[in-house]
Amino acid sequence: MFLKILIVFIIIVFIMLLVFYTMRRRADKLIETIETRKKVLFDRPVIEQLNTVKKIALSGATKVAFEEERQRWEKIVDVDLPQVEKAIDEMEQDNEMFRFTSIKPAIGQTEQSLAKIEQTMNQISEALALLQESHETVGEALQQADTDLVEARKVMLTQAYTFGDQIDRLEKEEERLRAEITTAETDYYEGDFLAFYHRKDEIEADIAKLNVQIIEIPPLLQQINHELPNEFIQLSRGYNGMKAQGYSLNLIDCDGAIERLTAEINGVKSLLNAGENQEAFSEVERMSNEVNGLYDQLEAEAVARQFVEAEQLETEQQLQAEKAAVDLLYAEAKLVFEKYELDEEMTAKPATMRKQLKAAEQSYERVKLAYGEGTVDHSQIATVIKDLQQTVCDNRDEQLAYSEQLKKIRKDEMAAQAKAQSYLERLKRVDNYIRRCRIPGVPADVNEKIEEAYAAVQTLNTSLEASPINVSEMTGNWRSADNSTTQAEDTAHEMVEDARLVEAIIQYANRYRFKNQEMAMQLQIAESYYDSDYNYKKALEVAAKQLEKVESGAVNKVEAQLKEGNQPY
């Protein structure tokens with residue numbers, strides 16, 4: 001019994017030792033990880049960055065910024081990292097003494113401290129890198145700025161006459177920028193370059209703007225001081241010269257435009273004084289376009305005058321000729337109206353054409369009178385002449401179309417008369433055809449179709465004999481007569497074909513009449529339809545149906561034989 005208890009005790013002790021050993025090994029690994037992380041942070045080349053930047057002779061705000069970063073680094077080295085080392089030593093002692101409960105929170109706190117140290121070191125590295133980079137950037141920027149200002153000064157000295165009254169403003173701007181660069185260079189060589197670094201883009205933009213103005217101002221001044229005034233003079237000469245040649249030019253106020261544009265040049269100069277070159281360019285371009293527009297108007301007047309001189313007399317002659325043609329067409333239409341009854345629009349067409357020509361002529365005469373008095377320009381009367389030419393052209397086309405309509409009405413009347421006669425002849429042939437076929441009689445519906453066709457032809461003839469002839473009514477009657485005649489012909493042919501076919505089927509089926517009682521009875525019914533009722537279609541239906549019962553395919557055979565011997569009328 002004692003032995004069993006001893007064995008159990010030994011096993012329990014062994015398990016406890018194993019658990020403690022495992023927990024200790026785990027704590028050793030965590031402590032080792034923290035130790036490794038601390039070593040990596042400590043080995044970072046921050047001190048090398050500090051020494052590199054320190055070699056630059058710093059002063060002013062730049063030195064203050066460097067000192068702030070150096071103090072932050074010293075705090076890490078003198079305070080933060082020793083505290084981490086102390087915490088690691090305490091954790092190792094707790095681990096040796098198996099005080100595992102205190103190790104876990106200590107590890108968490110130490111990791112937080114290391115994370116904060118790492119963040120601070122990253123910030124220090126970035127700040128030092130910025131100081132080193134800004135030192136290099138400022139040096140290059142100052143050198144380039146100095147070169148640009150030297151070049152700008154050379155241009156202003158050698159080409160001062162091209163800048164006019166703008167030279168003083170440009171020189172003052174160059175002097176201001178030169179003072180800025182000189183101050184920045186002094187600070188740079190003394191080790192204070194952060195101030196310029198933060199203003200570098202602004203100063204570079206000002207220098208670039210100065211160089212752009214140096215390039216743009218001379219051609220702008222050339223335009224506003226010489227080119228545009230010369231254009232105004234040439235435009236004024238051309239304008240007054242045309243007036244001396246007899247051009248009225250009421251719609252073109254060149255003198256007023258030139259006076260206004262001359263005043264606007266001062267506004268462009270104000271834009272240049274304010275350094276607004278782009279706006280000045282836009283204004284100069286607008287003024288140039290306006291001058292070109294005035295030239296275009298004067299040129300259009302010259303072209304319009306040539307057009308008026310070349311086309312006025314001929315257009316007036318065309319107008320008179322067209323009026324005479326409309327009068328002739330009106331007389332012709334009047335004769336047609338006496339014989340034919342037309343719709344309202346067609347009846348009013350000649351008067352409408354007269355009114356159109358009259359209105360165009362009156363409009364032209366008004367402008368012509370004003371032109372003679374010198375109150376309208378050539379372009380205005382040219383426009384009216386073009387409109388008049390278009391009206392004459394359109395009227396001529398309408399006359400031709402209307403004349404063709406009148407001719408068509410006469411042709412339609414003669415064609416309708418000829419057609420009415422041909423319809424009667426066709427209906428007579430239908431009557432003769434029915435008589436020659438020697439059928440027992442004609443069904444009532446066929447007779448009705450033929451009578452309707454005769455009546456339709458008679459109606460057509462009546463409308464042709466009317467005075468005046470109603471054209472639309474005549475056209476409708478013509479169409480009706482044509483349809484009725486065609487239907488009468490088709491109906492008569494169909495009736496005769498049915499009669500012949502049923503007669504042939506009955507003759508063929510007689511061979512079965514005495515042998516087949518049902519055949520005999522159905523043939524008798526078909527014969528009754530054929531001889532008494534003249535219902536050939538019904539007779540065909542009864543006979544064909546019975547014959548197919550007795551002999552399949554016999555109807556097709558009979559029909560084929562009948563077609564071979566059939567002779568059209």
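Helix 12 and helix 14 cross in a left-handed manner (left-handed if the near helix is turned anticlockwise from the far one by less than a right angle, right-handed if clockwise). The model is predicted, with local features needing pLDDT of at least 70, side-chain atom pairs counting only at pLDDT 80 or more, and totals for chains, interfaces and linings using all residues. Residues are numbered from 1 along each chain as its sequence is written, and side-chain values use heavy atoms, leaving out hydrogens and water. Helices are DSSP runs of H or I with at least four residues, numbered from the N terminus.

**Helix 12 with helix 14**

- The axes of helix 12 and helix 14 cross at roughly 35 degrees and come within 9 Å (axes are lines fitted to C-alpha atoms over the stretch in contact, and angles run from 0 to 180 degrees between N-to-C directions).
- On the helix 12 side, the residues in contact include Glu494, Met495, Asp498 and Leu501; on the helix 14 side they include Lys537, Leu540 and Ala544 (contact means heavy atoms within 4.5 Å).
- This contact has 14 nonpolar, no polar and 3 charged residues (Ala, Val, Leu, Ile, Met, Phe, Trp, Tyr, Cys and Pro count as nonpolar, Asp, Glu, Lys and Arg as charged, and the others, Gly among them, as polar).

**Helix 12 with helix 13**

- Helix 12 (residues 471–509) packs with helix 13 (residues 517–533) at an angle of about 155 degrees, their axes lying 11 Å apart.
- Helix 12 is therefore roughly antiparallel to helix 13 (the term applies to angles over 145 degrees).
- Ala499, Val502, Glu503, Ile506 and Ala509 of helix 12 make the contact with Met519, Leu523, Ala526, Glu527 and Tyr530 of helix 13.
- By class, the residues of this contact are 8 nonpolar, no polar and 2 charged.

**Helix 13 with helix 14**

- Helix 13 and helix 14 (residues 536–550) have axes that cross at roughly 165 degrees and come within 7 Å.
- That angle makes helix 13 roughly antiparallel to helix 14, and the crossing is left-handed.
- Among the residues in contact are Gln522 and Tyr529 of helix 13 and Val542 and Gln546 of helix 14.
- The contact of helix 13 with helix 14 comprises 12 nonpolar, 2 polar and 3 charged residues.

**The largest pocket**

- The largest pocket holds about 250 Å³ of space (a pocket is an open set of points on a 1 Å grid over the protein atoms alone, where a 1.4 Å probe fits, with protein on both sides within 12 Å along at least five of seven lines; grid points are joined across faces, edges and corners, and a volume is the space filled by probe spheres set on the points).
- Its lining has 13 residues, and Lys75, Asp80, Ser113, Lys116 and Ile117 lie nearest the centre (lining residues have an atom within 4 Å of a point).
- Helix 3 gives the most to this lining, with 7 residues.

Technical notes:
Helices (H or I, at least four residues) and strands (E, at least two) are DSSP runs, numbered from the N terminus. Angles under 35 degrees count as roughly parallel, over 145 as roughly antiparallel, 65 to 115 as roughly perpendicular and the rest as oblique.
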